[in-house]
Amino acid sequence: MIRMSRVEQLRVKLLGTPPSQRLLGWLGPLFFTVVGGVLRFWDLGNPHQLVFDETYYVKEGWSMILFGYERRNDPVLDAAKQIDQNFTILPLPNEGRAVYGTEADFVVHPPLGKWLIGWGENLFGIDSSFGWRFSVCVLGTLSILMIGRVAYRMFHSWYLATLASGLLAVEGHHFVHSRTGLLDLIVMFFAFAAFAALLIDRDRSRALLARKVAALPPGLIKGGGPRLGLRPWRWVAGLLLGLAAGTKWSGLYFLVAFGLMTVFWDMGARRAAGIRNWWLGGVLTDGLYAAFAMVGGTFVAYLATWTGWFRSTDGYLRTWGETNNAGGLIGHLPAALQSLWKYHTDILDFHKNLSSDHPYKTNPWSWMVQGRPTSFFYEGPKLGEDGCTVTQCSKAITSVGTVSIWWTATLLVFVLVFMWAFRRDWRAGAILAGYAGGYLPWFFIQDRTIYSFYTVAFVPFVVLTCVYGVALVFGGPDAPAERRRAGYLVGGAFLVLSIAIFAFFYPVYTAQVIPQDQWGWRMWFRSWV
């Protein structure tokens, strides 16, 4: 029997058994990234029409490229006429500038998502529906690889990493968003990337803590334990969360959830390392620095997303601070920052009072069970129209999630709570933090007009919930071979089932022209119509 050194013992205690088969931990997720990418990019430009809220973001994205901020449509040459719902492209004089007037538009979401959509339009042209969906599709595809690597780091299993990527590749809600020029998948990408950065920080800081504690004589650890240095991955996480918030303000919820999560991880690490005043080190030594790094990084990145607005002279309220004063502490800031503050108070007032009726307005209680998926697009071609070969056809895009994944996750959430609260399983707590940042806040604003398509922001954690369930079947590293074979069987069968459900719904994810009765087969509940 090999005797481990004290530092090795501490590493195993803090980080678990090191993962094996590192190459497979890359190859499995990469395989499904390629598969998921092909599915997402295939015929990405169909339909060559503005889908759902693309009617806002496609035009705003192009305005960002032309001017650096959002301008209103020209009252005469209105963008809805130049870029209409059927996207009949008319020649755009002066690189499309005639679509827009000279007046800045009041836009209630920060600029980054529009910049990303606009960059795709700049690459492929404003008349390319492939172009205005390109950037979002790239992020959707990359997130398939990212979830596999996250799962490998969490579960130390190449198989569970591959399963995670496979499930996200065929998750219908994620798939629809990956093929649509909207903002919510961009929020998801940067928030989940921040989660991945904090996982890296967790592993590196625990390895460092093991070395530092092992170097000290037992019983001579002072205060809350040793300091762990700059921890650059926490800064990376803060910057990424700033980019999430720079797309939609809902990204800020993840800052709170992940900030608490990483402090809890530090407290647990110091306690497991035998540090007597672990709570002191976790809160003061680690916690205050975590707040500084993550909040500071978020603020810097968020402010940077407004660069185009700062560089302009006629963005919305850009010069407000030159002739007005915000008062209080804000009133001592430079005029440009006072103008931005005023802009933000107007945005906040808009969101607080957003309570208009909408046929797809939903309550968050129904989101996990897919109670009311959002219809992004629907047309009803008749015989001879758009390739329809029967009396009445349907051409639809519906953001219904792959129900095997969502319904299973709904049940397993209660298992997560139990395992975190009573078994102290950090993986369960980490997944719950994703729900806390992406799902829980919507329960406090149910009086507002909100939609189930917001769930894409936390869909990686829904997939990780299912992977966690399979991990429980596997058992620990010392589980008997029979149990591990059962884990392979359960995970494989679940993936095959999810692929089959995804394939069945594929026509209503991609606006395929199908007989209306076949569309009806896929509307399982009255609330889905």
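1. Disulfide count. A disulfide is a pair of cysteine sulfur atoms within 2.5 Å. The model reviewed here is predicted. A search of the whole structure turns up 1 disulfide.

2. The bond itself. The disulfide links cysteine 388 and cysteine 393. The S to S distance is 2.1 Å, which is within the 2.5 Å cut-off. The torsion about the S-S bond is about 85°, so the disulfide is right-handed.

3. Burial of cysteines. Are cysteine 388 and cysteine 393 buried or exposed? The cut-off for buried is under 20% relative accessible area. Cysteine 388 has 4% relative accessibility and therefore counts as buried. Cysteine 393 has a relative accessible area of 3% and is buried too. Two further cysteines can be checked against that cut-off. Cysteine 137 has a relative accessible area of 0% and is buried. Cysteine 466, with 3%, is also buried.

4. Strand E4. Cysteine 393 belongs to strand E4, residues 393-398. Of the 6 residues in E4, 6 are buried. Both faces of the strand are covered. On one side sit Cys393, Lys395 and Ile397. On the other sit Ser394, Ala396 and Thr398. Note that Lys395 is among the buried residues.

5. Partners of E4. Which strands are joined to E4 by bridges? Strand E3, residues 375-379, is joined to E4 by 4 bridges. E3 and E4 run antiparallel. Tyrosine 378 has alanine 396 of E4 as its bridge partner. Strand E5, residues 513-515, is joined to E4 by 3 bridges. That pair also runs antiparallel. Here serine 394 stands opposite isoleucine 514 of E5.

6. Helix H6. This helix covers residues 129-155. Its 27 residues should span 39 Å at 1.5 Å a residue, and its end C-alpha atoms are 39 Å apart, which agrees. Of its 27 residues, 21 are buried, so H6 is largely enclosed by the rest of the structure. Just after H6, histidine 156 takes a positive phi of about 55°.

7. Helix H12. This helix covers residues 278-304. Its 27 residues should span 39 Å at 1.5 Å a residue; its end C-alpha atoms are 37 Å apart, which agrees. H12 bends by about 40° at glycine 287. Glycine 287 is one of the buried residues of H12. Others in that list include Gly281, Gly282, Thr285 and Asp286. Further along H12, Ala290, Ala293, Met294 and Gly297 are buried. An α-helix has 3.6 residues a turn, so residues three or four places apart point the same way.

8. Largest pocket. The largest pocket holds about 1,100 Å³ of space. Of its 36 lining residues, the closest to its centre are Trp420, Asp425, Gly429, Ala430 and Leu432. The elements that give two or more residues to the lining are helix H1 (6-15), helix H9 (184-214), helix H11 (251-272), helix H16 (403-423) and helix H17 (426-438). Which element gives the largest share of the lining? That is H11, with 10 residues.

Methods: Residues numbered from 1 in each chain as written. Predicted model: local features only at pLDDT ≥ 70, side-chain atom pairs only at ≥ 80, totals over all residues. Heavy atoms only, no water. Buried < 20%, exposed > 50% of the residue type's maximum accessible area, 1.4 Å probe, protein only. Pairing = 2+ DSSP bridges. Expected span 1.5 Å × (residues − 1). 1 Å grid on protein atoms, 1.4 Å probe; cavity = no way out; pocket = protein on both sides within 12 Å on 5 of 7 lines; lining within 4 Å. Points joined across faces, edges and corners; volume = space filled by probe spheres on them. Bend = angle between axes of the 7 residues up to and from the residue.
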